[in-house]
Amino acid sequence: MNVINTIGRRKSSVARVYMSEGKGAIMVNERPLEEYFASQESVYYVNLPLTVCDAIGKYDIQVNVDGGGTTGQADAIKLAIARALVEADSENKPALRAKGLMTRDSRSVERKKPGQPKARKKTQFSKR
């Protein structure tokens with residue numbers, strides 16, 4: 001098996017995943033997964049596509065992730081790993097689709113409007 005290269009995005013984060021057969025090591029920006037993400041919730045989200053496909057310990061995964069915060073980065077990695085698993089074996093797609101792991105979450109921060117303090121917040125109305 002050659003190296004499978006996929007990309008995942010969430011908010012302003014971009015994750016590039018390089019997956020090959022191996023012993024299950026996941027390296028994020030040249031650091032182990034548990035060391036890179038402080039919260040166990042982020043580690044759980046990154047491993048979710050692998051648990052759905054029973055692929056834990058089958059693939060070595062190298063991740064380059066950039067931009068955004070930890071939540072956006074974890075979700076971007078999750079999407080990229082799910083896409084890589086489908087590229088490795090197309091029979092994984094229905095299970096991943098049923099869990100909602102194949103859909104890119106397009107929500108991002110709404111821009112600030114001119115004359116307003118924030119995106120939707122307005123200054124207090126004064127009658128006089």
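**Sheet, core and salt bridges in a predicted model**

Arg120 is exposed, its relative accessible area being 64%. In this predicted model, Arg120 makes a salt bridge with Glu110, with the closest N and O atoms 2.9 Å apart. The two residues link distant parts of the chain: both lie in the segment after helix H4 (93-98), 10 residues apart. Glu110 is partly exposed, at 38% relative accessible area.

Another joins the side chains of Arg31 and Glu35, with an N to O distance of 3.5 Å. Here Arg31 is partly exposed at 34%, and Glu35 is partly exposed at 48%. The salt bridge between Lys78 and Asp75 spans 3.7 Å from N to O. Because Lys78 and Asp75 are 3 residues apart in helix H3, about one helical turn separates them. Lys78 counts as buried because its relative accessibility is 16%, under the 20% cut-off; Asp75, at 17%, is buried as well. A network of salt bridges links Asp75 and Lys78 with Arg10, Asp105 and Arg107.

Turning to the sheet, 5 strands are arranged in the order E1-E2-E5-E3-E4, forming an open sheet with mixed pairing. Strands E1 (4-10) and E4 (31-32) stand at the edges; each has a single partner strand, so one side of each lacks a neighbour in the sheet. Strand E3 (residues 26-28) runs parallel to strand E5 (residues 59-66), the two being paired over 3 bridges. Val28 stands opposite Val63 in E5. Helix H3 (residues 70-88) packs on this sheet, where it touches E1, strand E2 (13-21), E3 and E5, and its direction makes about 145° with that of E1.

What lies within the largest nonpolar core? It has 31 residues, of which Ile61, Ile77 and Leu85 touch the most other members. At least two residues of this core come from each of E2, E3, helix H1 (33-36), H2, E5 and H3. The greatest contribution is that of H3, with 9 residues. Beyond its neighbours within four places in sequence, Ile61 is in contact with Val17, Tyr18, Met19, Ala25, Ile26, Met27, Leu50 and Ile81.

The C-alpha atoms of Leu50 and Ile61 are separated by 11 Å, and the residues are 11 apart along the chain.

Methods:
Residues are numbered from 1 along each chain as its sequence is written. This is a predicted model: local features need pLDDT of at least 70, side-chain atom pairs count only at pLDDT 80 or more; totals for chains, interfaces and linings use all residues. Side-chain values use heavy atoms; hydrogens and water are left out. Two strands pair if DSSP finds at least two bridges between them. Helices (H or I, at least four residues) and strands (E, at least two) are DSSP runs, numbered from the N terminus. Contact means heavy atoms within 4.5 Å. Axes are lines fitted to C-alpha atoms, for helices over the stretch in contact, and angles run from 0 to 180 degrees between N-to-C directions. A nonpolar core is a set of buried Ala, Val, Leu, Ile, Met, Phe, Trp, Tyr and Cys residues joined through side-chain atoms within 4.5 Å. Buried means under 20% relative accessible area, exposed over 50%, partly exposed in between (1.4 Å probe, protein chains only). A salt bridge is a side-chain nitrogen of Lys or Arg within 4 Å of a carboxyl oxygen of Asp or Glu.
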